[in-house]
Amino acid sequence: MLTVLDFYSGIGGFHFALQQLGIEYKVLQAFDMNLNANHVYKLNFPQVHINHLNIGFLKSAVLDDYNADLWVMSPPCQPYSRKGLRNGSKDARADSFLTILELLSNMEKKPRKIIIENVLGFENSDTFEILDKTARECGYIWQCYQLNSLDYGYPYSRPRMFVLLSLSNFNNCENDYKVSLEIPGFTKREPNRIESYLVHDEIIPVAREDLWKAGLYFDYVDSSSTRSCCFTKGYGQFAKGGGSVLAVNTNFYDQIVKEYKDIRDRMKGKEKWWEELGECPFERMQPRYFSPREIANLHGLKNSFRMDGITTKMAFKLLGNSMHIDVVHSCLRYLLHDLI
Ligand SMILES: C[S@@+](CC[C@H](N)C(=O)[O-])C[C@H]1O[C@@H](n2cnc3c(N)ncnc32)[C@H](O)[C@@H]1O
């Protein structure tokens, strides 16, 4: 049986992907300090013990005791994200991952396989250099993949980096230390239309004020679209929290933009100019946020996925932090080729 440690476990993205491999496995422990994420993880995987302490306080002897075959992890992405300052290892949020790398070096029973997920940009960071050095010194062969759920049949773009490390032969590949865009043996699929992922269970319209303030900055898609943008943890809070909004149809978008700009230009120089106005032209598209269940569908989470007791805002945050299950599944299948 494959034994697993699930670091930065969130709502369990790695665990859902493992489940779909159809192999015998046991998650020995999950680690995450976010209590809401742990609540969702526990709802879905009640058998797993979750440690809510800071990962930075772990010790190599403790990790040795688990003697796990596989480590899965998505360390915090803020130190590497385009939306942040990109301070890499100087950002305190990188500390716990750097600690893990140090612990790994000192361990006697190193995991045979490790998978790490992060945002694009991670591969150019100083943290990645430390990962590379540690991996080589510990005897791991590693490969790095930039993958996107859009290539997996989903109308949803979530580009992410995956670093796969193996102590043993890795599909007869040598280390080539470059980023590849496709998992070997994987066949790209054209994205479906968004309508297949909609359930219309929770209709949260985009507020009029937000449309007046930021109507130009939302990414509008409709049920016939075959793409949408990555939902981030700030989704649902104005246009800044990334992720597309769903319009009834986007056919008249250009006309609406023109009308909007005309009005905005007329109001130039006035503070809070929208307060004097009625309906915003963008309202004609009836834009609304995707519901948490619809986002879960776009993330490849099955109908059985549960988030009971979590507010919509928190659900947006947890899902925005999570991962695309099919993409992770393809990485695990490739990484664990000699074990499954
Ligand atoms: C990018 S999210 C990972 C999400 C996860 N892969 C999922 O599928 O939901 C990072 C997670 O790491 C947790 N985290 C960040 N720093 C941590 C630390 N030092 N110790 C424990 N958990 C931490 C956060 O609470 C967050 O849930």
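This is a predicted model: local features need pLDDT of at least 70, side-chain atom pairs count only at pLDDT 80 or more; totals for chains, interfaces and linings use all residues.
Biologist: Which residue is the bridge partner of Ile204 in S12?
Modeller: Start with the strands. S9 and S12 (residues 288–289) run antiparallel and are joined by two bridges. Within S12, the partner of Ile204 is Tyr289.

Biologist: Do S1 and S2 pair in the parallel or the antiparallel sense?
Modeller: S1 covers residues 2–7 and S2 covers residues 25–31. Six bridges link the two strands. The sense is parallel.

Biologist: What hand does the β-α-β unit of S1, H1 and S2 have?
Modeller: Helix H1 spans residues 13–19 and forms the unit together with S1 and S2. The two strands are parallel. The unit is right-handed.

Biologist: Which residue in S4 stands opposite Phe7?
Modeller: S1 also pairs with S4 (residues 70–73). That pairing is parallel, over four bridges. Opposite Phe7 stands Met73.

Biologist: How many charged residues does the shell around the ligand have?
Modeller: The ligand is surrounded by 21 residues. Tyr8, Gly10, Gly13, Asn34 and Ser96 are the closest. By class, 10 are nonpolar and 10 are polar. The charged count is one.

Methods:
Residues are numbered from 1 along each chain as its sequence is written. Two strands pair if DSSP finds at least two bridges between them. A crossover is right-handed if, with the strands pointing away from the viewer, the path from the first strand over the helix to the second runs clockwise. A residue is near a molecule or strand if its C-beta atom, placed from the backbone, lies within 6 Å of it. Ala, Val, Leu, Ile, Met, Phe, Trp, Tyr, Cys and Pro count as nonpolar, Asp, Glu, Lys and Arg as charged, and the others, Gly among them, as polar.
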